[in-house]
Amino acid sequence: TDLAHIRNFSIVAHIDHGKSTLADRLIQSTGTVKDRDMKEQMLDAMDIERERGITIKANTVRIDYTADNGEQYVLNLIDTPGHVDFAYEVSRSMRAVEGSLLVVDSTQGVEAQTLANVYQAIDANHEIVPILNKIDLPASECDRVAEQIEDVIGIDASGAIRVSAKTGVGIHETLEAIVQHLPPPTGTRDAPLKAMLVDSWYDAYLGVIVLVRIMDGVLKKGDRIRMMSNNSTHHVDRIGVFKPQREDIPELGPGEIGFLTASIKQVRDTRVGDTITHEKGGTDKALPGFNPSQPVVFCGLFPVDSAEFEDLRDAIEKLALNDASFSYEMETSAALGFGFRCGFLGLLHLEVIRDRIEREYDIDLITTAPSVVYHIHLRDGSMEELHNPADMPDLSIVDHLEEPRIKATILVPDEYLGDVLKLCQDRRGIQMDLTYAGTRAMVVYDLPLNEVVFDFYDRLKSVTKGYASFDYQLTDYRQDNLVKMSILVNDEPVDALSMMVHRDRAEARGRAMVEKLKDLIPRHMFKIPIQAAIGGKVIARETLSAMRKDVTAKCYGGDATRKKKLLEKQKKGKKKMRQFGKVDIPQEAFISALKMD
Ligand code: GDP
Ligand code: MG
């Protein structure tokens with residue numbers, strides 16, 4: 001296809017504003033998929049994505065469209081991941097296209113993810129077509145929301161297209177706007193091949209499938225290619241496009257988006273953002289800004305039943321094959337036995353992987369407290385990354401510690417603003433900005449990531465009755481007064497519960513932890529001291545008193561079924577407990593103990 005008849009675009013939206021539904025309508029109304037083959041959310045493939053309504057991996061579809069001017073166009077839609085954990089992948093896929101549809105739910109207005117994603121689109125120099133969706137709903141307020149888009153984002157929304165992705169109203173106008181308002185791609189056919197690796201995933205039949213955007217040159221079946229980040233070379237055995245089913249074609253030219261396969265075994269050998277060129281006569285100038293995403297949140301995953309360790313290893317290895325940003329190494333814990341220390345892009349990423357292990361591989365897991373990556377600057381001038389508080393080196397060799405900071409953007413109806421500010425303040429936040437858009441406030445905070453990883457999002461949702469939206473990006477590493485707090489149960493340190501905290505907040509955190517643990521650990525036949533300590537100095541202490549002999553004694557009266565139930569419950573609870581010295585600690589204690597109220 002000649003460049004003038006190609007349009008490449010993405011759709012940016014806050015979750016639930018209708019991105020997937022709009023994509024479905026565009027696919028359907030152009031006859032890309034026959035009505036009878038149409039299922040909802042064509043582009044959201046994974047089960048977990050569907051259940052949670054989030055798109056994790058970018059997907060793509062090629063749409064053939066005959067415009068009102070009679071010309072035939074190829075429209076390539078790249079569906080970007082909608083979640084902050086995958087910000088790097090979003091920014092890469094944005095660089096593979098020239099324009100964006102900005103979808104805003106006209107009953108809701110602009111939200112935090114709308115902003116985060118639209119700024120990425122603006123950074124990538126996109127032409128942006130604003131779309132007001134859900135106009136079929138009585139609560140739709142197009143004028144107000146258009147004004148808000150202009151106020152908050154600063155783009156002209158006077159011509160915003162009014163759409164119902166549900167009923168199909170405005171879909172034709174959307175297709176015409178794509179053709180008329182978005183620029184065609186540029187590129188040179190005769191130049192050496194330069195293709196961006198936009199995404200890759202594992203397919204059981206074809207092996208690794210690589211999604212590429214051709215910037216310059218032509219990629220043909222049978223070519224020998226080179227990945228510029230690691231100089232690995234491969235033989236291209238298949239080239240094609242998604243409509244959205246795979247369709248093989250002989251070549252991809254400049255401006256086009258499609259896939260290749262080249263007998264690549266693991267997704268880890270293909271890094272998002274890498275440049276692909278020909279082995280011979282290729283370019284020597286890689287695309288700028290290649291910077292693969294690094295895990296920022298780590299936690300330990302241990303099997304509840306230690307006999308399942310090999311199964312867990314197998315599950316983790318399989319998942320890692322298909323996810324270059326998930327890292328793991330074996331870990332042994334005095335308390336939990338053999339397991340893995342795993343690295344994730346963020347909390348959602350962690351949850352998705354943990355769910356998949358439990359669900360697809362049927363392994364019960366103990367997840368230890370998530371921890372961010374700290375930079376430990378040693379006295380000798382060198383720097384180490386700390387992925388696990390248990391590995392904290394002796395303080396005598398440490399000069400100082402740095403922790404990752406984020407820029408958090410929160411949008412909230414103004415009646416909840418006070419609670420949000422208090423929450424951010426409590427989490428060592430520094431306010432950067434506070435503006436209003438109608439009755440909503442937009443606050444920007446500089447926060448330490450370690451204050452956000454446990455339960456910040458849950459707390460935010462609960463203090464705002466679900467009305468706040470939140471998004472963040474990592475900014476930098478900064479020095480602060482951070483210490484390792486250990487937890488001792490019955491005088492034995494439980495390494496899986498140790499954590500890094502800010503010195504000023506250590507007492508409060510320590511006290512909250514030991515109080516929580518006192519409730520979470522069942523009574524035993526003996527007294528159990530529970531302590532929090534920093535470098536041998538106890539900063540908080542509780543004592544769990546010994547159990548009375550008869551566990552059912554508190555079931556006053558003679559209700560036999562109730563007694564039986566209680567005993568059964570205890571038996572079941574046993575399965576999910578681990579022994580620490582002489583003490584059984586239930587699985588949920590590891591996460592619950594770290595949540596703050
Ligand atoms: P996404 O998270 O942005 O991909 O949003 P979805 O496309 O999954 O849509 C979220 C919800 O809004 C779903 O229940 C859709 O059926 C619904 N929805 C999407 N577009 C419309 C619309 O135009 N009108 C109405 N009434 N509902 C819509
Ligand atoms: Mg979706």
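**Entry 1: the whole protein.** I began with the accessible surface of the protein, which comes to about 26,500 Å², with 47% of it belonging to carbon and sulfur atoms; accessible areas come from the Shrake-Rupley method with a 1.4 Å probe, and for residues only the protein chains shown count as cover. I note that this is a predicted model, in which local features need pLDDT of at least 70 and side-chain atom pairs count only at pLDDT 80 or more, while totals for chains, interfaces and linings use all residues. Residues are numbered from 1 along each chain as its sequence is written, chains are lettered from A and ligands numbered from 1 in the order in which they are written, and side-chain values use heavy atoms, with hydrogens and water left out.

I then looked up burial and found that 56% of the 597 residues are buried (under 20% relative accessible area, with exposed over 50% and partly exposed in between, 1.4 Å probe, protein chains only). The protein has 13 helices and 34 strands, taken as DSSP runs (helices H or I, at least four residues; strands E, at least two) and numbered from the N terminus.

**Entry 2: ligand 1.** I found 17 residues around ligand 1, the closest being Asp 16, Lys 19, Ser 20, Thr 21 and Asp 136, where a residue is near if one of its heavy atoms lies within 4 Å. Helix α1 (residues 19-29) gives the most to this shell, with three residues. For oxygen atoms of ligand 1, I noted a distance of 2.7 Å to a backbone N or O atom of Asp 16, 2.8 Å to a polar backbone atom of Lys 19, and 3.3 Å to an N or O atom in the side chain of Ser 164. Taken alone, ligand 1 exposes 570 Å², and the protein buries 78% of that.

**Entry 3: salt bridges.** I looked up the salt bridges (a side-chain nitrogen of Lys or Arg within 4 Å of a carboxyl oxygen of Asp or Glu), and the structure holds 27 of them. One joins the side chains of Asp 64 and Lys 243 at 3.0 Å, N to O. Asp 64 lies in strand β2 (residues 59-66) and Lys 243 in the loop between β12 (238-242) and β13 (246-248), so this pair ties together parts that are 179 residues apart in sequence. Asp 64 itself is partly exposed, at 32% relative accessibility.

Arg 356 and Glu 360 also meet in a salt bridge, at 2.9 Å, N to O, and they are separated by about one helical turn because they stand four residues apart in helix α8 (residues 347-360).

Key:
Polar contact = N/O pair within 3.5 Å; in protein donor to acceptor, adjacent residues only side chain to side chain.
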